[in-house]
Amino acid sequence: MSLVAEAFVTQLAAAEPWPENAALYQQLKEEQILLSDNASSLAVQAFLQMCNLPIRVICRANAEYMSPSGKVPFIHVGNQVVSELGPIVQFVKAKGHSLSDGLDEVQKAEMKAYMELVNNMLLTAELYLQWCDDVTVEEITHPRYGSPYPWPLNRILSYQKQWEVRRKMKAIGWAGKTLEQVLEDVDQCCHALSQRLGTQPYFFNKQPTELDALVFGHLFTILTTQLITDELSEKVKNYSNLTAFCRRIEQQYFEGHDKDCSTIAARSSKKSLLR
Amino acid sequence: MAAPMELFCWAGGWGLPSVDPDCLAVLTYARFTGAPLKVHRVTSPWRSPSGHLPALRTQDEGTISKPQQIITHLRKQKYNADYDLSATQSADTLAFVSLLEEKLLPVLIHTFWVDAKNYVEHTRKWYAETIPFPLNFFLPNAMHKRHLERLQLMWGDDYMEDEERLEKELYREARECLTLLSQRLGSQKFFFGDSPASLDALVFSRLAPLLKAKLPNGKLQQHLKSLQNLCNYCTSILSLYFPWDRGDPLTDAPRAAGTDGSEAEEDPHKWRKQLLSVLVGLVAMLGYAFLSGIVSIQRGSVGPAGRQPITLEEEEEEEEE
């Protein structure tokens, strides 16, 4: 888009208030969605909840293909479609809602840095676990990823995705890592987050920001998703302030809200461990 | 600690001890901690024990090639620049390193290796001149392809095809990253007070090439130059920790004195190359001549081309007689 067109669109976005029928699209909750996509989707939902913007969650099997960037989740607001947390935060900011306005410059720098840390380490570790660890791939990922489609399409799609993810892992240097090293990285990341959080209720002052939403999305999903082993969630459970943080956000922003697909409390296939 | 470790890294240029950001990071970290390293500045990755640069050859653990692993190894050998950091500062280090690697490093790679003007006029030229014959014909191109593929996998194909969008969005994020670094540094000497840490080594290694290289297409460079505290930060680290081996003696000293020095330095190589090419040409010509029969060695005669005038003369003599 040229600069003029983009300015025009931003003006349009700013002009319209947040509609009542805004929708968030993700894959099917019970059968199809994977750990990493679930985490990203939950992060966006948490962010929108924190901004007090109503959103409906709609589950579609082809959500990944509908998305403009190929990544879930994406939101459909008015006549615009925006995907991924970063652009969604900017879009929401253009509409006049922002969680990080009260931060000074240094804090904003730190917030961006920590968000990159989560993306760089936690998200990549989740992707590694689901697509590069053979046991998990065979038993969880392949059956889930292609479940809405008939054979042989389900196998073809999941092999294609696996090849794509493995290429990316190779490009960023994670292909040579063993599972132990990946779990070690997750531990380091959680340690850093735990240090930064300390005893505060949220990462910055008393108000949540998009960093809190992102961390919540990933950690909560890791804690409540049943995988082959519990090693990943054990790493997070080692840090009590992080589990307390997740519980606090769940209670504050997700209790008593009805969602279309399913509420967080009503996950049948996942362990609900924060009860 | 007993035996010195050997570090192989890319040669220096553009006023820096090494032109590759990873090599520079390891070198700077080693200088910060005072680790005793024997540094080999090589001009091709084939000279390194592992085939990649940077590479650290140790006595006990073989050769280590990834920069992060090299720094971890140095830390294990008690050369730890992060010793004094508090837990929060260590956490911040991890976060800022992620920020650098995700937002700034890919755009740096794009600026140096993928952006057409910069690559052709600056990066490829330097590497082609530095890498010895015959690698200089295909190695820069191979590196270019590798970097391009890496960026394609990281950013996705739609960014790579749409130059404008790439420029706008990704370069904007890189500029924002630089501004954030500048704000975090503020007016301090190093990121965490008065003594340098591993974060400083990494930030310096990413910023210094961008600052020092003379890029034809330098929008990111201009933005960096506008952030005065980052520029001062880089120059002070260079002058404090790399005072005597800034760049090549080839490029630094002769540039001040004129071009004669550099030509004199390069001359032995030039003569050798010319001689070699003349020899190769001669051998090729002679080989072709022998193989195709134009020239053949037979006892007594000069060759078929030279035979005829002689025999004619003989015949004429015979006839005359």
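A residue is called buried here when its relative accessible area is under 20%, exposed when that value is over 50%, and partly exposed in between. The model is a predicted one, and everything that follows should be read with that in mind.

With that definition in hand, consider helix α1 of chain B, which runs over residues 21–33 and is mostly covered, as ten of its 13 residues are buried. From its first C-alpha to its last the helix reaches 18 Å, close to the 18 Å expected at 1.5 Å a residue. Among the buried residues of α1(B) are B:Cys23, B:Leu24, B:Tyr29 and B:Phe32, and the cover over the buried residues includes the strands β1 (5–10) and β2 (37–42) together with the helices α2 (67–76), α8 (198–212) and α10 (228–241) of chain B. Just after α1(B), B:Gly34 takes a positive phi of about 70 degrees.

If neighbours within four places in sequence are left aside, A:Phe245 is in contact with A:Leu197, A:Pro201, A:Tyr202, A:Phe203, A:Asp212, A:Val215 and A:Phe216.

We can now turn to the meeting of the two chains. Here 26 residues of chain A are in contact with 23 residues of chain B. The size of an interface is often given as the accessible area lost when the parts come together. For chain A and chain B the buried area is about 2300 Å², and carbon and sulfur atoms give 59% of it. Across this interface there are five residue pairs in polar contact, both residues of each pair being at pLDDT 80 or more. The elements that give two or more residues to the side of chain A that touches chain B are α1 (3–15), α5 (105–131), α7 (153–172) and α8 (179–197) of chain A, and the largest share, eleven residues, comes from α5(A). By kind, the residues of this side of chain A divide into eleven nonpolar, six polar and nine charged.

Three salt bridges are found across the interface of chain A and chain B. In one of them, the side chains of B:Glu176 and A:Lys112 meet at 3.1 Å, N to O. A salt bridge at 3.6 Å, N to O, brings together A:Glu110 and B:Arg184, crossing from helix α5 of chain A to helix α7 (residues 163–185) of chain B; A:Glu110 and B:Arg184 are both buried. In the salt bridge between A:Glu116 and B:Lys103, the distance is 3.5 Å, N to O, and the pair joins two chains because A:Glu116 lies in helix α5 of chain A and B:Lys103 in helix α3 (residues 87–114) of chain B. With a relative accessible area of 8%, A:Glu116 is buried, whereas B:Lys103, at 21%, is partly exposed.

Within chain A, a salt bridge at 3.3 Å, N to O, pairs A:Asp134 with A:Arg166. This pair links distant parts of the chain, 32 residues apart, from helix α6 (residues 134–145) to helix α7 of chain A. At 52% relative accessibility A:Asp134 counts as exposed, while A:Arg166, at 32%, is partly exposed.

Conventions. Residues are numbered from 1 along each chain as its sequence is written. Chains are lettered from A and ligands numbered from 1 in the order in which they are written. Side-chain values use heavy atoms; hydrogens and water are left out. Helices (H or I, at least four residues) and strands (E, at least two) are DSSP runs, numbered from the N terminus. The expected span of a helix is 1.5 Å times one less than its number of residues. Buried means under 20% relative accessible area, exposed over 50%, partly exposed in between (1.4 Å probe, protein chains only). Contact means heavy atoms within 4.5 Å. Buried area is the accessible area (1.4 Å probe) that two parts lose on being put together, summed over both. A salt bridge is a side-chain nitrogen of Lys or Arg within 4 Å of a carboxyl oxygen of Asp or Glu. A polar contact is a pair of N or O atoms within 3.5 Å; within protein, one must be able to donate a hydrogen and the other to accept it, and residues adjacent in sequence count only if both atoms are side-chain atoms. Ala, Val, Leu, Ile, Met, Phe, Trp, Tyr, Cys and Pro count as nonpolar, Asp, Glu, Lys and Arg as charged, and the others, Gly among them, as polar.
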